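Please look over the sequence and the model before reading on.

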Amino acid sequence: MKRRPLIAGNWKMHLTIGEAESLARAIARGGIPADRDAMLAPPYTAMAAVNKALQGSSMLLASQNNGWEEKGAFTGEISPVMLKDVGCSMAIIGHSERRHIFGESDQLINKRLSGALKYGLVPILCIGETLEEREANQTFKVLETQLRGGLTGVASSEADKLVIAYEPVWAIGTGKTASEDQVQEVHAFLRTLLKKMYEKDIASQIRILYGGSVKPDNVDVLMSREDVDGALVGGAALQAESFIRIIHFNQ
Ligand code: PGA
């Protein structure tokens with residue numbers, strides 16, 4: 001089963017409106033090969049400007065988080081309807097920084113994911129173990145809890161829209177990439193788990209991205225592994241040249 005690769009850039013809490021607009025333009029100028037998807041997740045304040053800058057490009061727009069209700073008294077939250085209104089078609093959910101800095105639980109993440117699906121955003125569910133958990137041989141257990149917790153209540157009929165991102169916490173922003181063998185081992189484990197949770201042909205369509213210090217010099221080897229369907233890129237997405245190179249992996 002061939003899955004369409006997705007290269008996703010997460011700008012986190014970086015860039016003013018003007019900076020984001022010119023970076024988006026520069027990245028879009030690099031082009032996107034027709035056989036893959038590419039996506040940018042700017043900070044909320046820059047979304048409208050980035051959406052405009054991306055007109056005429058196939059670059060997709062995503063949020064870094066989302067609320068689950070259409071509207072209401074939810075100070076500080078952004079509704080999925082508002083995100084669609086500003087041009088988003090995807091949503092990063094459960095990023096390790098949300099889990100570890102802001103204390104988001106699997107239960108909260110599941111609400112966000114259900115809200116994204118309900119209002120038509122494609123969720124990218126991020127999961128990943130800490131270094132302590134890996135060293136204590138808890139990796140698979142932690143990932144299974146996060147995957148099942150995040151996907152509670154998601155029916156097979158909706159599962160084909162899901163994207164999963166495996167992001168080991170110890171590899172994010174540290175310059176330490178997981179080896180391609182470590183990544184493939186985890187992705188194969190996740191694929192098997194998804195096949196237990198959903199019908200096999202649906203589970204085999206779900207894209208599993210790797211994230212954690214993906215750079216121009218390691219993307220090709222990561223993307224050559226069977227169950228690696230894309231990359232979620234932080235630091236290297238903040239420069240046009242490196243992100244363009246990552247989008248053009250294996251070319
Ligand atoms: P990084 O971040 O590429 O800077 O390690 C990845 C992420 O947090 O998604």
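## Ser213 and its setting

Does Ser213 count as buried or exposed? The model is a predicted one, and in it Ser213 has a relative accessibility of 10%. Ser213 counts as buried because buried means under 20% relative accessible area.

Ser213 is part of the loop between strand S7 (207-211) and helix H11 (219-223). The phi angle of Ser213 is positive, near 55°, in a residue other than glycine. Most residues other than glycine have a negative phi.

## The ligand and its surroundings

The ligand is surrounded by 13 residues, and Lys12, His95, Glu167, Gly173 and Ser213 are the closest. The shell around the ligand comprises seven polar, four nonpolar and two charged residues.

A polar backbone atom of Ser213 is 2.7 Å from an oxygen atom of the ligand. For Gly234, a backbone N or O atom lies 2.8 Å from a ligand oxygen atom, and for Gly235 the corresponding distance is 2.9 Å. The ligand taken alone exposes 280 Å², of which the protein buries 97%.

## The nonpolar cores

The largest nonpolar core contains 65 residues, and Leu151, Ile164 and Leu190 have the most contacts inside it. Helix H9 (residues 180-197) supplies the largest share of this core, namely six residues. In soluble globular proteins, nonpolar side chains tend to be buried together.

Which residues does Leu190 contact, leaving aside its neighbours within four places in sequence? Leu190 is in contact with Ile127, Leu143, Leu147, Ile164, Tyr166 and Ile208. Another core, of 13 residues, lies apart from the largest one and includes Met39, Ala62, Met90 and Ile124.

## Asn137 and Thr139

Asn137 is located in the loop between helix H6 (131-135) and H7. Although Asn137 is not a glycine, its phi is positive, at about 55°. Asn137 has a relative accessible area of 71% and is therefore exposed, the cut-off for exposed being over 50%.

Thr139 belongs to helix H7 (residues 139-150). Is Thr139 buried or exposed? Thr139 has a relative accessible area of 8%, so Thr139 is buried. When residues up to four places away in sequence are not counted, Thr139 touches Glu129, Glu133, Arg134 and Val186.

Notes: Residues are numbered from 1 along each chain as its sequence is written. This is a predicted model: local features need pLDDT of at least 70, side-chain atom pairs count only at pLDDT 80 or more; totals for chains, interfaces and linings use all residues. Side-chain values use heavy atoms; hydrogens and water are left out. A residue is near a molecule or strand if one of its heavy atoms lies within 4 Å of it. A polar contact is a pair of N or O atoms within 3.5 Å; within protein, one must be able to donate a hydrogen and the other to accept it, and residues adjacent in sequence count only if both atoms are side-chain atoms. Accessible areas come from the Shrake-Rupley method with a 1.4 Å probe; for residues, only the protein chains shown count as cover. Ala, Val, Leu, Ile, Met, Phe, Trp, Tyr, Cys and Pro count as nonpolar, Asp, Glu, Lys and Arg as charged, and the others, Gly among them, as polar. A nonpolar core is a set of buried Ala, Val, Leu, Ile, Met, Phe, Trp, Tyr and Cys residues joined through side-chain atoms within 4.5 Å. Buried means under 20% relative accessible area, exposed over 50%, partly exposed in between (1.4 Å probe, protein chains only). Helices (H or I, at least four residues) and strands (E, at least two) are DSSP runs, numbered from the N terminus. Contact means heavy atoms within 4.5 Å.
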